Amino acid sequence: MTERFTGHGPEWRDANLSPAQAKVATAWVELKVDRRSMLTGKERVEDVRDIMWQLEKDGEIVVHRVRDEHEPVMVKTLYGWDKKIPTTRLWHHKSCGQCGNIPGYPASLLWLMNQLGTEYLDETDQTSCTAWNYHGSGIGNIESLAAVFLRNFHQAYVAAKAEGRPESYYYPLVHCGTSFGNYKEVRSYLLHSARLRESVRKILGRLDRLVEGKLLIPEEVVHYSEWLHVMRHRIAERRTVDASGIRATIHPACHVYKMVPADAIYEDGVNGGNRLANSTGIMQALGAQVIDYSTWYDCCGFGFRHIISEREFTRSFAIDRKVRVAVEEARADVMIGHDTGCITTLDKNQWIGKAAGKGYELAILADCQFAALACGAHPYKIVQSHWHASPTERLMEKLGIDWEAAKAEFVAYLEEIKEGKQENLYDPRRMITSGPGYLPARRRA
């Protein structure tokens with residue numbers, strides 16, 4: 001065989017399906033994917049945590065546990081298994097895409113935690129997960145992914161020592177859906193492969209990132225949207241606006257619930273237990289109307305390789321399969337997501353639709369951004385809606401928020417920033433936990 005068809009780049013071929021044929025080709029999404037039985041009816045299902053406990057018993061690894069002091073909330077995953085979601089003493093594993101493209105995303109999350117009095121550490125000593133490189137280009141390899149995963153989670157394990165606190169004090173909370181899915185998949189590879197564990201152990205040994213000479217593996221890999229889900233009722237108590245008139249559509253991220261699906265949260269009281277509970281749960285708790293739409297299962301169009309080699313495919317998919325359907329079919333006021341790449345793709349590609357006569361305008365926000373907005377966060381200082389390419393003004397008007405007055409406040413605030421009058425969500429001295437630049441900060445009472 002001399003030809004290798006990858007499905008993207010110069011080898012892309014149009015299937016030339018008629019609208020009717022295209023409908024038939026995708027009808028299975030609407031007919032079957034709603035049913036959890038597609039995944040729960042399997043004869044053999046493996047919980048990799050069983051392997052993890054045995055490896056720890058054998059003295060090969062150390063497990064970073066979610067402890068009582070992390071005040072965990074138990075949830076059910078796809079197969080009815082228990083998963084512990086820590087709610088405090090959290091170590092923020094930030095997202096390169098959020099910090100670079102959607103700064104209101106992490107700012108909204110930290111703001112919510114400040115409102116709730118959640119204890120956390122937002123330090124600088126982490127790296128990108130490098131999964132975008134791996135999925136987008138194929139240049140990376142599993143050893144590098146595993147080493148980065150364990151290096152970052154080891155930092156979460158030891159970070160509190162700089163404050164005079166014990167190891168394992170903080171538990172990592174992953175902001176990015178890509179990192180979340182990647183880390184869960186890599187954890188499975190590590191637990192299954194002695195060869196990979198030995199290879200990575202040598203790397204981490206050189207970095208002084210072992211615990212008693214052993215690899216440190218997290219008991220749970222936890223995504224911020226899972227924290228938001230279990231905290232949704234406490235957050236809703238702080239709601240300051242009426243969200244009942246908002247028609248919201250949800251875009252569940254592929255890397256959050258399709259990648260290692262056994263670990264995703266399903267709850268009988270949310271979506272009838274048939275779909276991912278994340279994001280839908282918080283929107284319902286805040287009083288918004290969550291509206292169904294036929295292409296809910298579709299990828300946002302980002303697809304990693306699509307965005308690199310077939311950008312027009314990404315743009316057309318985001319508009320035609322997601323935004324257009326949400327506007328025309330669901331008459332949505334906003335589309336809510338929980339992953340960096342999804343929010344970026346659905347938000348920042350809308351402008352290109354105008355060139356093709358598809359000028360749909362739909363506000364795109366992360367669930368934590370909407371939650372912060374609903375609880376009184378400043379639309380520009382915290383939610384930072386001015387970074388979004390899609391308009392949010394109509395959404396704010398429906399929420400009863402005077403965005404023009406808020407914008408004027410923000411412009412005045414920028415002048416104060418120029419004069420050196422800086423506000424912080426977080427004590428900047430705590431952002432560094434090692435090295436000569438570290439300055440111990442007073443502990444919060």
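Some questions and answers on salt bridges and a strand pairing in this predicted model follow.

Local features need pLDDT of at least 70, side-chain atom pairs count only at pLDDT 80 or more, and totals for chains, interfaces and linings use all residues. Residues are numbered from 1 along each chain as its sequence is written, and side-chain values use heavy atoms, leaving out hydrogens and water.

Me: How many salt bridges are there?
Reply: A salt bridge is a side-chain nitrogen of Lys or Arg within 4 Å of a carboxyl oxygen of Asp or Glu. By this rule the count is 29.

Me: Is glutamate 219, which meets lysine 84 in a salt bridge, buried or exposed?
Reply: The N to O distance in this pair is 3.4 Å. Buried means under 20% relative accessible area, exposed over 50%, partly exposed in between (1.4 Å probe, protein chains only). Glutamate 219 has 6%, so the residue is buried.

Me: What separates glutamate 328 and arginine 324 in helix 15?
Reply: Helices are DSSP runs of H or I, at least four residues, and strands are runs of E, at least two, numbered from the N terminus. The two side chains form a salt bridge at 3.2 Å, N to O. They sit four residues apart in helix 15 (residues 311-328), so the separation is about one helical turn.

Me: Which residue in strand 6 is the bridge partner of histidine 92?
Reply: Strand 4 (residues 90-93) and strand 6 pair in the parallel sense over four bridges. Pairing requires at least two DSSP bridges between the strands. The partner of histidine 92 is leucine 173.
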